Amino acid sequence: MKKSDGFTLLELLVTIVIFGIIASIAIPGFSRWLPNYRLKGVARDIYSNLQFAKMGAVKERGEWAVVFDRANNRYQVVSGGADRDYSTSADNVVQRTVNLTDYGSGISYGHGSATTGVSGGGFGNDITFSGDTVVFNSRGMINSATGGYVYVQNNRNNTMAVGAWTTGVIVMRKWRNNNWEQ
């Protein structure tokens with residue numbers, strides 16, 4: 001008897017057809033899942049960077065800020081520098097710069113299909129922090145009379161909001177079924 005190793009052409013064609021069928025079923029589901037995955041990722045990172053700024057302010061007993069730059073689709077985490085005061089910008093130190101475009105296509109500031117802001121009001125320019133900046137003081141609280149939110153959207157018009165209250169509490173919400181959910 002002669003021993004032969006390998007695959008026949010028929011076995012190879014059957015395998016390719018099976019993989020093609022599986023791919024044709026999986027790709028549409030994956031293309032619906034990916035934009036929402038990217039949106040959640042950017043919202044979690046904004047949340048984490050707000051926490052980072054808050055903890056940096058407490059640790060250094062000074063002011064730290066998160067500055068949102070809508071025009072360039074990015075934001076920066078900035079410490080108060082040697083004098084620990086954010087308002088004197090000469091010695092401020094940029095700790096992190098985050099570009100929303102790094103998360104993939106379709107992620108930007110915006111409120112997508114949301115019809116009201118988290119607080120029931122409007123969206124402003126999709127960043128409701130005064131001056132598009134949130135400043136944390138040495139107690140981890142916000143240096144303003146009101147908190148605010150930043151709204152991000154994907155190319156499917158889904159929306160998430162990340163906010164900070166005057167007490168320093170940081171929250172994240174998702175717009176679903178005409179309502180903001182935690």
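Author: A helix, labelled H or I, is a DSSP run of at least four residues, and a strand, labelled E, is a run of at least two, with numbering from the N terminus. The model is predicted. Together with Leu10, Ile18, Phe19 and Ile22, Val14 makes a nonpolar surface patch of about 520 Å².

Now to the rings themselves. A pair of aromatic rings is described by how far apart the centres are and by the angle between the planes. Eight such pairs occur in the structure. In one of them, the ring centres of phenylalanine 68 and tyrosine 75 are 5.6 Å apart and the planes meet at 45°, so this pair is tilted. Phenylalanine 68 and tyrosine 75 are both buried. Phenylalanine 68 also pairs with tyrosine 109: here the centres are 6.3 Å apart and the planes stand at 90°, so the arrangement is edge-to-face. This pair links distant parts of the chain, as phenylalanine 68 belongs to strand E1 (residues 64–69) and tyrosine 109 to strand E4 (residues 108–109), 41 residues apart.

Burial can be checked against the cut-off of 20% relative accessible area. Phenylalanine 68 counts as buried because its relative accessibility is 4%. For tyrosine 109 the value is 3%, so this residue counts as buried too.

Tyrosine 109 leads on to a sheet. Strands of a sheet pair through backbone hydrogen bonds, in a parallel or an antiparallel way. In this model, five strands make an open sheet with antiparallel pairing, in the order E4-E6-E7-E8-E9. Its edges are E4 and strand E9 (179–181), each of which pairs on one side only. E4 runs antiparallel to strand E6 (residues 148–153), and two bridges join them. Within E6, valine 152 is the bridge partner of tyrosine 109. Tyrosine 109 thus has a ring partner in phenylalanine 68 and a bridge partner in valine 152.

Two further items concern rings elsewhere. Phe123, Tyr149, Tyr151, Trp175 and Trp180 are linked into a cluster by ring pairs. At phenylalanine 52, arginine 96 lies over the face of the ring, 3.7 Å from the ring centre.

Key. Residues are numbered from 1 along each chain as its sequence is written. This is a predicted model: local features need pLDDT of at least 70, side-chain atom pairs count only at pLDDT 80 or more; totals for chains, interfaces and linings use all residues. Side-chain values use heavy atoms; hydrogens and water are left out. Rings of Phe, Tyr and Trp (its six-membered ring) pair if their centres lie within 6.5 Å; planes under 30 degrees apart count as stacked, over 60 as edge-to-face and the rest as tilted. Buried means under 20% relative accessible area, exposed over 50%, partly exposed in between (1.4 Å probe, protein chains only). A charge sits over a ring if NZ of Lys or CZ of Arg is within 6 Å of the ring centre and within 35 degrees of the ring normal. Patches are made of residues with over 30% relative accessible area and no salt bridge: like charges are joined within 9 Å, nonpolar side chains (Val, Leu, Ile, Met, Phe, Trp, Tyr) within 5 Å. Accessible areas come from the Shrake-Rupley method with a 1.4 Å probe; for residues, only the protein chains shown count as cover. A salt bridge is a side-chain nitrogen of Lys or Arg within 4 Å of a carboxyl oxygen of Asp or Glu. Two strands pair if DSSP finds at least two bridges between them.
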